[in-house]
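The stops below are meant to be taken in order.

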Amino acid sequence: MSGRLGASNQVALVGYAHSVVQRHAAAPLGVVTLDTARRAIADAGLRTDQIDGFVTAPLFPTAGAHAVEDGVSTVSATWLADNLGVRPRYAAGFQGIGQMPGAVAMAVNAIAAGAADYVVLHRAMHNPPGRYHGNPMASAGGSLQWTAPQGYFGPLSMIALPYNEYIQRYGASREAMAAVLVEARKNGARLPWSYWHGRPLSAEEYLAEPMISDPICRYDCDIPVDGVATFVLTSARRAADLPHRPVYVSGYATSAPATRRLPLHWPLDDIMSVGQETTRRLWESAGVGPTEVDLPQLYDGFSPFVYFWLETLGLCPPGEAHRFVLDGGIDSDSPKGLPVLSGGGALGNGRMHGVPQMLECYLQLAGRAGDRQRTATIGVACQSSPHFGGAVVYSAEQF
Amino acid sequence: MSTPRPLPVPDEVSRPYWAAAARHTLVVARCSRCASFVLPPGQTCPHCHSVDPRFRFEPVSGTGTVRSWTVVRQAFLPGFGAEVPFVLVDVELTEQSELRMIGRLLDGPAAALRLGDRVTVAFEDVAPGVSIPAFTLGAPV
Ligand SMILES: [Zn+2]
């Protein structure tokens, strides 16, 4: 049995729209989503009445005690279809982590199965008023009883433990991570839609920032935002009649279930071992390997994920990512650098989850990146942790 | 009076764990089928995949080694505002490879730590009849 995706290169991205990314949008999230959906459909050269599939991943990713309300703090596939006045043949939401790869996989499967011909895939991110992760819980039941009573709570400590494990094991310096932040913010500063547009970060600013949960400081975390992205997908055959050059989905992988652990406990060895299994399946699914990828867009919602993806994707040896980035290995302005954050990532755009990675793959491979246009053929868009997320391989050509 | 920390809510499975903690004894769930320690215990055993693991809580040595740590400097939960900065350690218990739990290190935020440091369980009495497992550096006294 081959691990190659049966529909490899048979489904394509054919259009997109992206809202501005801001701390708090003036319009409700649902309204912003409707606007980007209409613009994306027009961008693809289609009419709304041609859209017969809607896919999203509706997770509202805060540890705080915020209400989840469709159209306000999240936007489901059915909410968008209803409010566009469309009765789709297929509408579904991806429930796991690794939301963009998961949603792309659902859209590809729906189109390949003939469940829908033209799918709108959106991701709507919301920054609620008040503290994003602060939680007033008075008691801890269920799985939280094993962690919250001792003060282990929220994603900062979650990422601090495996990052410190990495630092201690491999001798990684804070200067190395400064290179990651400088690269993400340099590229984000060039994007008109980014929250960080025109605002690069210097290594000195990064190094001067106090810790929140050692070795994690504020700059290691993407900033919560309101923002929406929408993509349109269809079959490669239908894509040939549409205005933009198609970008094909070559393969995808969602991370295998990790070892049972305490809530939010992500030991480094879990990340690396399960992550390597994720990327092995990714290359099998797509029919390419790491040496063929010229646009690897790594997830960076927390900065250490850049190291973990560099190593699990096989772009540098295990334990070497910190030296790799310090030696200019990810400088997208250098001919010998890998452009892993050329799209700014989450650190350079705001908390858009896997959107910046997918958008950069689309823009570059469709030849729509404008002044930032690079020469690239095969892209990878990663999301979340290698052991707890997923990734998609995109291609400018069918193969 | 300061805001209390979140207290654990014992359930059908975890009740013996918290009852033992109140007596300052660390117990860990053990699968009746394959004898593996499991933390946290769930519906199934992650080692032998039994759907009827009949977990029994058994006392463990309370010793282990530090696999990682973080210094928490900003509280996201009530009751910890006065505690910051504090150290959380990721500990591999002596009894079984990769049997890991997370607890506060009670030696203070300036404690010098290295991977592999030995720690021993200690308990914080946070409310009448409620004690939370934590750790201190070194071997048992
Ligand atoms: Zn068992």
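In this predicted model, begin by selecting residues 99-112 of chain A, which form helix α3. This helix lies across β1 (11-18), β2, β3, β4, β8 (227-235), β9 (247-254), β11 (378-383) and β12 (390-395) of chain A, and it runs at about 165° to β4(A).

Return now to α3(A) and colour it by accessibility. Because 12 of its 14 residues are buried, α3(A) is largely enclosed by the rest of the structure; among the buried residues are Gln99(A), Met100(A), Pro101(A), Val104(A), Val108(A) and Ile111(A). A distance check between the end C-alpha atoms of α3(A) gives 20 Å, which agrees with the 20 Å that its 14 residues should span at 1.5 Å a residue. Just after this helix, select Gly114(A), which takes a positive phi of about 80°.

Next, show the sheet as a whole: 9 strands make up an open, mixed sheet in the order β3-β2-β4-β8-β1-β9-β12-β11-β10 of chain A. Its edge strands are β3 (90-93) and β10 (295-297) of chain A, each of which pairs on one side only. Neighbouring strands in this sheet are turned by 25° against each other on average, with direction ignored.

Finally, select residues 53-56 and 118-125 of chain A, the strands β2 and β4, which pair in the parallel sense over 4 bridges. Which residue of β4(A) is the bridge partner of Thr56(A)? That partner is His122(A).

Methods:
Residues numbered from 1 in each chain as written. Chains lettered and ligands numbered in written order. Predicted model: local features only at pLDDT ≥ 70, side-chain atom pairs only at ≥ 80, totals over all residues. Heavy atoms only, no water. Pairing = 2+ DSSP bridges. Helix = DSSP H or I, 4+ residues; strand = E, 2+ residues; numbered from the N terminus. Axes fitted to C-alpha atoms, helices over the stretch in contact; angles between N-to-C directions. Contact = heavy atoms within 4.5 Å. Expected span 1.5 Å × (residues − 1). Buried < 20%, exposed > 50% of the residue type's maximum accessible area, 1.4 Å probe, protein only.
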